[in-house]
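Q: Let's go through the labels given to parts of this structure. What stands behind each one?

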Amino acid sequence: MITTTAGRPFGSLRLRGRVWWLRYRIGGVAHEESSGSTSRSAAAKLLANIEARLDLGAHVAPHARNVTFANLEQLLRTHYVVAGLRSLKRAEGALAHLREAFGGMRAVSITADRIVTYEADRLSAGAARATINFELATLRKAFNEAVRLGRLPTRPQIKTPLARNARKGFFEAEDFRALLAELPVYLQPVMLFAYSTGWRVRSEVLPLTWDRVDFAAGVVRLEPNTTKSGEGRTFPFDVLPDLAAMLTAQRVATSALERATGQIIPVVFHRGGAPIKDYYHAWDTACTRAATSKKAGATLGVLVRPQLLGRIAHDFRRTAVRNLVRAGVSERVAM
């Protein structure tokens, strides 16, 4: 048995054949490795050296040396699947960039210094700060998972500086009305709902089904595990007259279409009964048109609402929270 100066047992030695083997624990995980020596004193010195390196944070356990970047990728994918996270596709994009720099490397070789170099290279290549931050956060998640599962003892320090290009857009009421008028009829209810609730268009609004709309209670619900956070959500649409009127009209129109076609339409928002799968082109076109003056006699192409150019539907999330706070709802509840 080898002990520290404080009297605590750190590890032990065991003779196998003529070679001494080391046994010790790191973070509750047992490790065993050969000293490569037939001398007990040499083995004892090696064990003491391992303890000293641990105190300095410089020792790497034998199993940790075999963990590669590919292993980190797989651990992260498994975590996404087990946790039911739906952002794996985006994480795969980040991993593709990280793989170009770290593919084939051992995890212990991906040091803080090399990560900073990666960050500088991505900035030089023209990548946005927010994009790089997501890639770094993805790498940090992979390392965290490896540490959690005992595959690695520690992870390198990975910082994500504040993104100066973070979007801060809000829709003013007049701008939204102008945009709404330029959208195709089938998209107008979708965007009114997103503007009022702040729910995500692609993952929460478009897949919304009628069984989640309770007209008697005046609420619409998202069940747990159907949102990005995994938490359920309820919105009282009857407190917003425009939203309530839209949902009622959408239900009436959907019922009429079901009777005329003999089909059941489960989704709230649809295009002639078919789910809406893409809205980006129609959205961009509407933003451009709403930003341009159409007054009689006006010169073609005169911008009257330049703030609408390049806007994204995700801005509805910030807008909805701001509108609720202005209406007297606490920011915590609104969020």
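A: Start at the end of H8. Glycine 198 follows H8, and its phi is positive, near 80 degrees. The model is predicted.

Q: What makes helix H8 (residues 188-197) largely enclosed by the rest of the structure?
A: Buried means under 20% relative accessible area. In H8, 9 of the 10 residues are buried, so the helix is largely enclosed. Among them are Pro189, Met191, Phe193 and Tyr195.

Q: Why is glutamate 135 called buried?
A: The cut-off is under 20% relative accessible area. Glutamate 135 has 2% relative accessibility, so it counts as buried. This residue lies in helix H6 (residues 129-148).

Q: Which residues does glutamate 135 touch, not counting those up to four places away in sequence?
A: Contact means heavy atoms within 4.5 Å. Glutamate 135 touches Ala94, His97, Leu98, Tyr118 and Arg122.

Q: Which residues touch the most other members of the largest nonpolar core?
A: Met191, Phe193, Phe269 and Trp283 do, in a core of 43 residues. Elements giving two or more residues to this core include H8, strand S6 (219-222), helix H10 (241-261) and helix H11 (280-291).

Q: What does phenylalanine 193 touch, leaving out residues up to four places away in sequence?
A: Phenylalanine 193 touches Gly198, Trp199, Val205, Leu208, Val220, Leu243, Met246, Leu247 and Phe269. Gly198 is the glycine that follows H8.

Key. Residues numbered from 1 in each chain as written. Predicted model: local features only at pLDDT ≥ 70, side-chain atom pairs only at ≥ 80, totals over all residues. Heavy atoms only, no water. Buried < 20%, exposed > 50% of the residue type's maximum accessible area, 1.4 Å probe, protein only. Helix = DSSP H or I, 4+ residues; strand = E, 2+ residues; numbered from the N terminus. Core = buried A, V, L, I, M, F, W, Y, C linked by side-chain atoms within 4.5 Å.
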